[in-house]
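Please keep the sequence and the structure at hand while reading.

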Amino acid sequence: MFRCALPLRRFSSLAEKQHRPDPFAILAPHLKSLRTDLFDLLGSGHPALTELSQYYFHHPSKQIRPLLVLLLSQATNGLGNNWSTKLWESTYPAAGGRQDELDIPFSPPDILTDYNPRLPNHTKTFHESFVVTSDRARLHRKPYPHNAKPPPILQRTTPTLHSPTTILPTQIRLAQIVEMLHTASLLHDDVIDGSALRRGAPSAPSQFSNKLSVLGGNFILGRASAALARLGDHEVTHLIASIISNIVEGEILQMKDVIQPEADDVKTGLDGTEQSQKHQDAWNVYLQKTYLKTASLMAKAARSAVVLGGCTEGEIWKEVAYAYGRNLGIAFQLVDDVLDYESASATLGKPGNADLQLGLATAPALYAWEEFPEMGALIGRKFESLGDVEKARNLVHQSSAILRTKQLAQAYADEAKNVLQELPHSEARDALEVFAERVVGRKK
């Protein structure tokens, strides 16, 4: 039987629960401006492409991933060895401050021929001829060199203490990039899965076509990559770029067939007897896929936020951020898998039983398999025979699978909260604890 060894954590008092901050409330202004400003990154010289790439951003979003980045930024800014340098860079006066410099391309805009009507000062339309002039380099305003260090006098006088609400412009941009990667993956997923709904509205493929949805997702990835380069941090570039690979690897892994065991090869019941190796392999594949498709983005985005705040190799803050994001991401997906069985289509914003319709054996189905051996045959043929989806759904609800999946999600969320104890106490750390509870307690 699959068991989770993650420890459960209890809060010390009811009063502690009642006085913890609302993570969405304390970051509401940041989240609002982050989403509004994000449209500047997605403008195109082709109005249809602009409409498509911005389509999902116009619909309500939980903003789980941007909130994760911003909360960990607040909780760890000021702790890293390079915080003073990062703070100084963020207020560098040239070009109106570091935020403005994030939109300046590395090359003159006419080299890119990448027209963005939302950023007219930094992009140009395509021209038939390209004229070489001696003053082109002089006219191009070079961005602030990211590897430069502040003068010694600033290194001595810049305080390491920070306002509890300090979030650097690079960290805000990271939150936007993470949301862009997630949205691009949704565009591609909805094509792969043939989804008709997304967030309670027609999906992009339904609205625009499969081909345009794939192209729109690629366009968003391209813009996210350009924005990532502007952050100027090699470690963050590597982390965020690897998320794209992980999502693809997870999608391929999800397509892997679950080998059906022989009838006498499965030992059932909840009495602790040994499960078949094939059943355990199915669990291992499921959890690995969950990390690659969902938790990787949260874990690496969290770690990247801390790196941008000046944390260096060997400092524990990066490890805490990664562990928190990884555990939270797995808990988030486990809850998603439960909601697919529990929620009505209108509540979930997408068709119910979607996973079964796609032939996917998620945690509830795998737990039900332990109690009902016949579930193995349904999983083995990916619920393709007539009546398989309904039968599998009934077996899940007849078993303790839903409860056990919720308990597993809670265990991962509790472990996410446990690792936060390494951080100094702050409102942001408290909000991260509340955030983990909200993830496992959500109904949609």
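**Salt bridges.** The model is predicted. The count of salt bridges comes to 19. Three of them are set out in the table.

| Salt bridge | N to O distance | Helices |
|---|---|---|
| E179 and R35 | 3.6 Å | α11 and α3 |
| E251 and K293 | 2.8 Å | α14 and α15 |
| K417 and D414 | 3.4 Å | both in α22 |

The bridge between E179 and R35 links distant parts of the chain, 144 residues apart. E179 is buried, at 2% relative accessibility, and R35 is buried as well, at 15%. E251 and K293 also join distant parts of the chain, 42 residues apart.

K417 and D414 are three residues apart in helix α22 (residues 401-419), about one turn of the helix. K417 is buried at 3% relative accessibility, and D414 is buried at 4%. Elsewhere, salt bridges with shared partners join E235, R303, E313, K318 and E319 into one network.

**A buried arginine.** R65 lies in helix α5 (residues 64-76). What is the nearest side chain of opposite charge to R65? That side chain is E179, 5.2 Å away. R65 is buried and has no salt bridge, because that distance is not within the 4 Å required. Leaving aside neighbours within four places in sequence, R65 is in contact with V178, E179, H182, L297, M298 and F332.

**Aromatic pairs.** The structure holds five aromatic pairs. One of them, Y55 with Y56, is tilted, with 5.5 Å from centre to centre and 40° between the planes. Y55 is buried with a relative accessible area of 11%, and Y56 is buried with 2%. Another pair, W283 with Y367, is edge-to-face, at 4.8 Å between centres and 65° between planes. W283 is in helix α15 (residues 277-308) and Y367 is in helix α19 (residues 363-371), so this pair ties together parts 84 residues apart in sequence. Both W283 and Y367 are buried. Ring pairs also link Y55, Y56 and F208 into a cluster.

**A nonpolar patch.** On the surface, I111, L112 and F130 form a nonpolar patch with about 280 Å² of accessible area together. L112 belongs to helix α8 (residues 109-112) and is partly exposed at 42% relative accessibility.

Methods: Residues numbered from 1 in each chain as written. Predicted model: local features only at pLDDT ≥ 70, side-chain atom pairs only at ≥ 80, totals over all residues. Heavy atoms only, no water. Helix = DSSP H or I, 4+ residues; strand = E, 2+ residues; numbered from the N terminus. Buried < 20%, exposed > 50% of the residue type's maximum accessible area, 1.4 Å probe, protein only. Lys, Arg positive; Asp, Glu negative; His and termini not counted. Contact = heavy atoms within 4.5 Å. Patch = residues over 30% accessible without salt bridge, like charges linked within 9 Å, V, L, I, M, F, W, Y side chains within 5 Å. Areas by Shrake-Rupley, 256 points an atom, 1.4 Å probe, with all protein chains shown as cover. Phe/Tyr/Trp six-rings, centres within 6.5 Å; stacked < 30°, edge-to-face > 60°.
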